[in-house]
Each structure stands twice: as structure tokens, then as C-alpha cells.
Amino acid sequence: MYPTRPLAASLHPRAATKLLNSQLSGSRANWLKICSASLSVRPTQVLSHRSFTSTTQQRFKEVFAPPHDAPSIKVTPPAWHHPVYTEDQMKSIQVAHRETRNWADRFALMMIRLLRWGMDTATGYTHDKGSIQPKGDGNQAALSQNKGWFAMNERKWLVRFLFLESVAGVPGMVAASVRHLHSLRRLKRDNGWIETLLEEAYNERMHLLTFMKMAEPGRFMKFMILGAQGVFYNGFFLAYLLSPRICHRFVGYLEEEAVVTYTRAIADIDAGKLPKWDQLEAPEIAVRYWNMPEGHRTMRDLLLYIRADEAKHREVNHTLGNLEQKVDPNPFVSEYEDPKKPHPTKSIDNIKSTGWERKEVL
Ligand SMILES: [Fe+2]
Ligand SMILES: [Fe+2]
């Protein structure tokens with residue numbers, strides 16, 4: 001069993017407070033203390049054969065409850081089946097950045113940097129200085145810091161993933177619902193965008209549910225998630241009404257950050273900084289959803305799948321941000337006159353990190 005509680009959480013409350021006080025001082029330290037307490041995943045009370053969880057048996061029953069009082073139902077399959085990714089495809093995913101070309105791009109990027117700063121502060125995240133350089137079959141990433149209060153460990157990575165995914169599941173759903181209402185209101189077809197946007201939101205929620213199998217955030221972090229969703233959902237809804245193009249660019253940049261985050265986590269595993277994940281198997285829900293083959297079901301494999309998903313969202317949203325929002329068809333679900341010519345697909349074949357230009361796909 002993997003003990004996910006931090007040292008302070010395993011002590012008597014008074015002793016823990018003393019320990020924290022001795023480590024921290026000043027107002028910033030006080031803020032961090034609150035965050036840290038909230039980031040503590042719950043005590044492990046259950047032995048799982050998968051051997052990594054802080055979610056109690058009771059919570060499993062609540063969050064992952066099987067259908068009850070439905071004797072006629074055999075199984076409820078997922079709405080969207082995940083496309084098959086090959087190992088080579090996943091390893092070839094690169095960190096990338098689409099350069100800004102106008103004020104709208106710059107505004108979207110500025111908002112993402114602001115959001116990123118807030119999230120780094122909330123989840124106590126940091127990494128060593130240095131850029132991520134493409135290198136052969138993957139990326140050479142700057143590692144997270146492993147010293148001091150900000151040290152990244154398995155628990156902090158999981159909390160960061162949980163927060164990130166709880167936010168990442170919002171834009172696709174908002175965009176799909178706005179486009180759905182627009183289609184109803186204007187009596188016009190949508191040209192295939194809604195399906196891809198809903199699938200993205202579903203995929204992000206599967207990321208969240210997968211990480212929920214491994215850790216459960218504390219009360220403060222749950223409050224942060226609630227607040228973030230309340231603000232972000234409504235803000236994004238209004239923003240999408242005003243400028244869907246900027247919103248897709250914003251999500252494109254958000255997904256760039258997600259690829260960076262997962263690349264750094266994978267680099268930490270490779271560097272031996274997350275030893276508790278070395279032999280950790282992915283949860284059953286993940287094995288089924290991604291159809292993970294036997295022998296490729298470790299935590300590292302799981303992060304490779306999720307990183308590839310984020311790279312797909314990056315491509316989709318940067319591409320959608322390049323299109324005429326009200327008239328252009330969705331290139332990711334369209335059939336092409338010349339199918340042999342490389343074109344966008346639902347999977348990560350022909351993936352373009354910075355998106356497809358309008359003239360390339362229409
Ligand atoms: Fe995600
Ligand atoms: Fe994503």
C-alpha cells in the first residue's frame with residue numbers, strides 16, 4: 001500500500017502544526033500551509049490489489065457506483081470509444097507552441113499564463129529552470145524541483161492532475177452547448193463541430209475519473225475546484241458567445257501547457273524521482289478506456305496516453321481557431337475528396353502540433 005499522506009498529516013494535529021510552523025514563515029508561507037493541508041489526499045484505508053489509492057472504499061462506492069435497481073441492464077458502455085494509439089505515436093508527441101499572430105492570440109496566451117500562475121500557486125507546483133527540448137522518441141524535459149517546500153512528489157503531481165482535469169473538461173462542453181443552442185436558434189446546421197467538442201469534454205472527464213481512482217483531494221482543494229468551475233464555466237460561456245475563435249485559441253494554449261505538464265511528469269518518472277510510480281499499474285477504468293495492451297499498463301504508460309490526448313486537443317483547438325466559426329465544416333470528422341492526401345483525423349494520425357491552417361483542410 002502506498003502511503004500518500006504527507007508527514008505533517010500523519011502526525012498529531014498539534015505536532016503537525018508545530019512542524020509546519022517551523023518550516024514556514026511569512027504570509028506566503030501561511031498561504032502555502034492552507035494549500036498544503038487541502039492538498040493532502042485522504043488517509044488510505046483500503047487495500048487495493050492495484051496498490052495505489054488514497055480513496056476510501058466508501059468513496060469508491062459513491063464515485064464509481066455500479067448501476068443499481070436495474071436488473072435488466074447488463075452494461076452501460078462509454079459514449080465514445082477511444083481511438084487506438086500506437087506506442088510509436090505516443091512517444092512521438094512533442095511539446096510545441098503556436099506563435100501568436102495577432103492581438104487576439106496574444107490576449108488568449110496572456111490569459112493562459114495568468115491561469116497557469118494561479119494553478120501553479122494553488123497546487124504548489126514548480127520545476128527546475130530549463131526548457132523542454134525535442135529529443136528523439138519523446139522530449140527531454142526540465143525536471144520538477146525535488147528540494148524544499150515546493151518539492152514535487154507523487155501526491156502533488158496527482159493533485160495537480162486532478163485540478164487541471166477538472167478545469168479542462170469545461171470548455172468542450174460549453175462550446176458544444178453554445179453551438180447546439182445557436183443551431184436551434186438560427187435554424188442552421190452545425191457542420192460537425194459539436195460531436196468533437198463533446199468528445200473532448202468526455203475525454204477530459206475520463207482523465208479526471210482515472211486520477212480519482214488514485215487520490216482524492218482534500219476539502220480545500222475540492223472548494224478550489226468548485227470555485228474554479230463556477231467562475232470558469234460562466235466566464236467561458238460569456239467569452240464563447242463573444243468570440244469563439246479566441247476561445248479555441250485559448251484552449252489550444254491551455255492544451256500546450258497540459259502537454260508540458262505531462263511531459264515533465266514522465267521525465268520525473270524516467271529520472272527516478274517518483275519511485276512509488278515505478279511499478280504502479282494503471283487503474284482498471286483506464287485499462288478499459290484506452291484499451292491498454294498487456295505489459296503496457298504502468299503509470300508511465302497511462303501518462304503517455306493522456307499526454308497524447310492533450311496533444312490531440314491542442315491540435316483540434318488550434319485548428320478550430322483558424323476556421324470561420326459559423327460556416328466551416330469540422331475537418332476532424334469530414335470525408336476528403338482525396339483520402340490519400342494527409343488530413344486531420346479523429347485519432348493522432350497526421351497530428352499537427354500547432355494545428356492545421358484553414359487553406360490546408362478546406
Ligand atoms: Fe486532460
Ligand atoms: Fe486536454
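Guide: Happy to! The largest nonpolar core has 60 residues, and those touching the most other members are Leu 158, Phe 163, Leu 303 and Tyr 305. Such a core is a set of buried Ala, Val, Leu, Ile, Met, Phe, Trp, Tyr and Cys residues joined through C-beta atoms within 7 Å. The elements giving two or more residues to this core are helix 6, helix 7 (154–168), helix 8 (170–186), helix 9 (193–212), helix 10 (219–242), helix 11 (244–270), helix 12 (284–290) and helix 13. Helices here are DSSP runs of H or I with at least four residues, numbered from the N terminus.

A word on the source: this is a predicted model, where local features need pLDDT of at least 70, side-chain atom pairs count only at pLDDT 80 or more, and totals for chains, interfaces and linings use all residues. Residues are numbered from 1 along each chain as its sequence is written, while chains are lettered from A and ligands numbered from 1 in the order in which they are written.

Helix 11 gives the most to this core, with 12 residues. Just after helix 11, Gly 272 has a positive phi of about 75 degrees.

Leu 303 touches Tyr 262, Ala 265 and Ile 266, leaving aside residues up to four places away in sequence; contact means C-beta atoms, placed from the backbone, within 7 Å.

Helix 6 is another contributor to the core. In helix 6, Asp 105, Ala 108, Ala 122 and Thr 123 are buried. They cover an arc of only 110 degrees around the axis, so they lie on the same side of helix 6; the arc is that of the directions from the helix axis to the C-beta atoms. On the other side of helix 6, the exposed residues are Trp 103, Arg 106, Arg 113, Leu 114, Trp 117 and Gly 118.

As for confidence, pLDDT (the predictor's confidence in each residue, from 0 to 100) averages 81 over the protein chain, with 75% of the residues at 70 or above. Its highest mean is 97, in helix 13 (residues 299–320).

Note on methods:
A residue is buried if 20 or more other C-beta atoms lie within 10 Å of its own, exposed if 12 or fewer, and partly exposed in between; C-beta atoms are placed from the backbone. Two residues are in contact if their C-beta atoms, placed from the backbone, lie within 7 Å.
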